[in-house]
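I'd like to walk you through one model, so let me put it on the screen.

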Amino acid sequence: MSEEIKKAAIIGGGVIGGGWAARLILNGIDVNVYDPSAEAEQILGEILTNAKHAYSKLTMAPLLNPGKMHFVDTIEAAVNGMIFIQESVPENLDLKVKVLEEIDNYAPQNAIICSSTSGIKPSQLQDGMKSPHRFMVGHPFNPVYLLPLVEICGGKQTSSKSKQRAAKFYKEIGMKPLILR
């Protein structure tokens, strides 16, 4: 299955979510961002500015036409029509489960849903999902816009096809995916 992802959703706009947003935008991907924090827009703007500055120092090659960042008021609005969704809310099991269930409810059936968690097992996070086969951990190294490694770790119900689709997309935005067993 060949698909070109030109838009993505970021749920949670802190340091990691902001880093994901910057990497995506600098690779020509439009991004819907949902974060209920009043400071989210300012924080992400600063992260994007830092990422642009860092990229300008790394290469003499021209950058791609950047994607656009759109802030939305709900998870439903963020994931509507998106094929790739990266969740990066704080490391709290109950919060992540609640957010992932909401993402799962509103995301298109062909969406890939990844979590940036570093300490919660993917099987714990996918338990309440209606479509757990499309969920996995996509754990980056920080800062996401500079360090290209991302660990992909599926849960008990994650399909191999979903992990391969995520790896392909991460490669397209300059990442080096490592699929863990």
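**A walk across the sheet**

Let me start in the sheet, where H139 has E151 as its bridge partner in β7. Helices and strands here are DSSP runs (H or I over at least four residues for helices, E over at least two for strands), numbered from the N terminus. That bridge belongs to the antiparallel pairing of β6 and β7, which has five bridges; two strands count as paired if DSSP finds at least two bridges between them. From β7 the chain crosses through α6 to β8, and this β-α-β crossover is right-handed. By right-handed I mean that, with the strands pointing away from the viewer, the path from the first strand over the helix to the second runs clockwise.

Some housekeeping before I go on. This is a predicted model, with local features needing pLDDT of at least 70 and side-chain atom pairs counted only at pLDDT 80 or more, while totals for chains, interfaces and linings use all residues. Residues are numbered from 1 along each chain as its sequence is written, and side-chain values use heavy atoms, with hydrogens and water left out.

Back to E151, which also has a bridge partner in β8, namely L178. β7 and β8 are parallel, with four bridges between them.

Now step back to the whole sheet. It is open, has eight strands in the order β3-β2-β1-β4-β5-β6-β7-β8, and its pairing is mixed. At the edges sit β3 (69-71) and β8 (176-179), each pairing on one side only. From one strand to the next, the twist averages 25°; angles run from 0 to 180 degrees between N-to-C directions, on axes fitted as lines to C-alpha atoms, for helices over the stretch in contact.

Let's move to β5. Its neighbour β4 (residues 84-87) runs parallel to it and is joined to it by four bridges, and F84 has I112 as its bridge partner in β5.

Which way do the β5 residues point? I112 and C114 point one way, I113 and S115 the other, and all are buried. Buried means under 20% relative accessible area, exposed over 50%, and partly exposed in between, with a 1.4 Å probe and protein chains only. As a reminder, in a regular strand the side chains alternate between the two faces of the sheet.

E87, in strand β4, is buried, with a relative accessible area of 0%. Setting aside residues up to four places away in sequence, the contacts of E87 (heavy atoms within 4.5 Å) include K96, I103 and S116. G138, in β6, is likewise buried at 0%. G138 and Q86 are 52 residues apart in sequence, yet their C-alpha atoms are 7.8 Å apart in space. Beyond its neighbours within four places, G138 is in contact with W20, Q86 and Y170, among others.

That brings us to the cores. A nonpolar core is a set of buried Ala, Val, Leu, Ile, Met, Phe, Trp, Tyr and Cys residues joined through side-chain atoms within 4.5 Å. The largest one has 32 residues, and W20, L24, F84, Y170 and I173 touch the most other members. Among the elements giving it two or more residues are α1 (15-26), α2 (40-58) and α6 (160-172). Apart from this core lies another, of 20 residues, including I11, I75, V89 and A111. As for α1, this helix lies across β1, β2, β3, β4, β6 and β7, at about 170° to β1.

Buried residues make up 48% of the 181. Finally, among contacts between residues at least 6 apart in sequence, 68% join residues at least 24 apart.
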